[in-house]
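This report describes selected local features of one protein chain.

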Amino acid sequence: MTACKAVEIAAEIYWIGALDPQLREFDIILKTANGTSYNAYCIRGQKGVAIIDTVKISHADEFFARLEQVAHYEEIQAIILNHLEPDHSGALPELIRRAPQAQIYLSHRGQMMLKGIIKDEVLEYIPVGTGDTIDLGERQLHFLHTPFLHWPDTQCTYLEKEGILFSGDIFGCHFCDSRLFNDKVGDFRAAFEYYYAHLMRPFREHVLEALALIEPLPLNLLAPAHGPILRDSPAAYVQRYRQLAEPLLAAAKQEKTLLIFYISAYGNTTRMAQAIGEGAEMVNGVRVSLYDLQGCEVSPLVDLIEEADGLVLGSPTINGDAVKPIWDLLSSLALVKVRGKLGAAFGSYGWSGEAVSLIEDRLRGLKLRIPVKGCKIKLIPTDAELEQCRGLGYELALHLTGQTEQRLITLNELIVRETNYA
């Protein structure tokens with residue numbers, strides 16, 4: 001590709017984005033071995049020009065250089081914002097300054113973000129959703145409400161006649177290749193899967209909602225906001241998202257699943273885990289699985305957790321804290337949706353015993369429900385204390401199966417419990 005040259009992706013529809021091949025880390029959390037691209041598009045119609053998204057501010061000059069090759073600023077009638085994250089809205093303030101007549105279209109949830117970016121209370125814009133359209137003459141642009149892919153404001157824009165979906169971040173990936181099209185660039189499958197796993201997977205229920213809107217559409221081309229433009233077999237990428245987002249055991253799952261993860265220094269927390277499992281198995285309809293984290297890699301466990309209904313974590317207290325394998329597991333939960341799952345904690349201790357409450361705090365922070373107070377036992381559990389553990393498992397199982405009233409531990413209960421622990 002000639003430097004800063006706009007690329008026609010269909011008749012009078014142009015890629016006017018920017019390439020960032022040297023980027024090696026995106027948003028702090030994603031590795032980008034191949035850099036990335038910030039894809040923006042220009043659509044020419046009989047009634048004017050529409051621009052879909054802009055680019056990161058550091059690459060604004062590239063964006064405007066390409067835009068000026070295919071349109072005059074006074075021709076721009078619409079600026080469509082599929083996603084307002086800074087890598088797509090960085091050049092927006094300057095575009096508004098250069099094309100002040102253009103009408104801005106964005107999702108309803110994008111309004112507050114736009115105000116945060118522009119800082120102009122009198123700025124006019126039109127919030128849109130599924131069913132709303134823009135008429136560019138012979139071309140009709142349709143909006144699809146597809147929130148949380150991966151920010152609340154995200155939407156897709158569909159060009160009906162040409163069968164082109166401008167999808168925002170969904171179906172994208174961080175893979176910079178100046179050849180642009182998926183049938184020309186290098187093998188980007190790993191980047192595509194990595195992008196889904198880290199950005200879309202935590203919102204897979206929203207992915208499924210979006211797919212319900214997208215799958216019925218005739219598709220000749222997918223134009224995402226990052227990575228290759230998907231003109232070869234675009235439906236295959238939609239199908240792959242369906243495979244990734246569908247619950248693995250949805251058809252076969254008839255019972256509630258409770259996962260118990262533990263690690264033990266002297267076997268005491270292990271005995272507690274086993275007793276909790278025994279108590280949970282007393283309730284019909286609950287499938288219990290125990291995992292000793294000393295013998296597990298964390299990555300495969302994330303798949304199990306995503307499908308599970310309840311998680312119980314057990315750790316001894318060492319140096320006033322839960323042990324590292326527990327925190328490694330907890331940190332991995334940011335990759336999947338755990339909100340609303342049932343959670344609990346347990347563990348033995350020698351002196352102070354902070355691990356249980358620290359684990360519970362983290363589970364609450366991840367929006368799990370903690371309906372039963374954890375078990376915290378000093379050193380070697382007695383038979384009576386193991387019976388308490390069985391009681392914990394039994395009560396958790398009742399909650400899982402809906403056989404007891406769901407409730408959260410109140411602040412007063414927490415204070416009383418912590419007082420008893422002290």
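Predicted model: local features only at pLDDT ≥ 70, side-chain atom pairs only at ≥ 80, totals over all residues.

## Lysine 337 and glutamate 205

Lysine 337 has a relative accessible area of 33%, which makes this residue partly exposed. The side chain of lysine 337 forms a salt bridge with that of glutamate 205, with an N to O distance of 2.4 Å. Lysine 337 sits in the loop between α10 and β20 (342-349), and glutamate 205 belongs to helix α6 (residues 204-214), so the bridge ties together parts that are 132 residues apart in sequence. Glutamate 205 is likewise partly exposed, at 36% relative accessibility.

A salt-bridge network is also found, in which Arg201, Arg204, Asp303, Glu306 and Glu307 are joined through shared partners.

## Other salt bridges

The salt bridges in the model number 24. One of them links the side chains of arginine 231 and aspartate 183, at 2.8 Å from N to O. Arginine 231 is in the loop between β16 (221-224) and α7, while aspartate 183 is in the loop between β15 (164-168) and α5 (189-200); the pair therefore connects parts 48 residues apart in sequence. Arginine 231 is partly exposed at 34% relative accessibility, and aspartate 183 is partly exposed at 40%.

A further salt bridge joins the side chains of glutamate 94 and arginine 97, at 2.6 Å from N to O. These two residues lie within helix α3 (residues 92-98); because they are three residues apart there, about one helical turn separates them. Glutamate 94 has a relative accessibility of 24% and counts as partly exposed. Arginine 97, with a relative accessible area of 57%, is exposed.

## Arginine 240

Arginine 240 is located in helix α7 (residues 234-245). Its relative accessible area is 28%, so arginine 240 is classed as partly exposed. Two polar contacts involve its side chain: one with the side chain of glutamate 193 at 2.8 Å, and one with the side chain of glutamine 243 at 3.1 Å.

Setting aside residues up to four places away in sequence, arginine 240 touches Phe192 and Glu193.

## Histidine 150

Is histidine 150 buried or exposed? Its relative accessibility is 10%, which falls under the 20% limit, so histidine 150 counts as buried. Histidine 150 is placed in the loop between β13 (140-145) and β14 (155-159).

The side chain of histidine 150 makes a polar contact of 3.1 Å with the side chain of glutamate 85. A polar contact of 3.1 Å also joins the side chain of histidine 150 to that of aspartate 169. When neighbours within four places in sequence are left out, the residues in contact with histidine 150 are His83, Glu85, Asp169, Leu199, Met200 and Phe203.

## Threonine 317

Threonine 317 lies in the loop between β19 (310-314) and α10 (324-332). With a relative accessibility of 16%, threonine 317 counts as buried. Its side chain reaches the backbone nitrogen of glutamate 354 at 3.3 Å. Beyond residues up to four places away in sequence, threonine 317 touches Ser348, Tyr349, Ser352, Gly353, Glu354 and Ala355.

## The seven-stranded sheet

An open sheet is built from seven strands, arranged in the order β1-β2-β7-β8-β9-β10-β11 with mixed pairing. The edges are β1 (7-10) and β11 (126-128); each has a single partner strand, so one side of each has no neighbour in the sheet. From one strand to the next, the twist averages 25°.

At the β11 edge, strand β10 (residues 103-107) and β11 run parallel and are joined by three bridges. Serine 107 has valine 128 in β11 as its bridge partner. Helix α4 (residues 111-118) packs on the sheet, where it touches β9 (76-81), β10 and β11. The direction of helix α4 makes about 130° with that of β10.

Technical notes:
Residues numbered from 1 in each chain as written. Heavy atoms only, no water. Helix = DSSP H or I, 4+ residues; strand = E, 2+ residues; numbered from the N terminus. Buried < 20%, exposed > 50% of the residue type's maximum accessible area, 1.4 Å probe, protein only. Contact = heavy atoms within 4.5 Å. Polar contact = N/O pair within 3.5 Å; in protein donor to acceptor, adjacent residues only side chain to side chain. Pairing = 2+ DSSP bridges. Axes fitted to C-alpha atoms, helices over the stretch in contact; angles between N-to-C directions. Salt bridge = Lys/Arg side-chain N within 4 Å of Asp/Glu carboxyl O.
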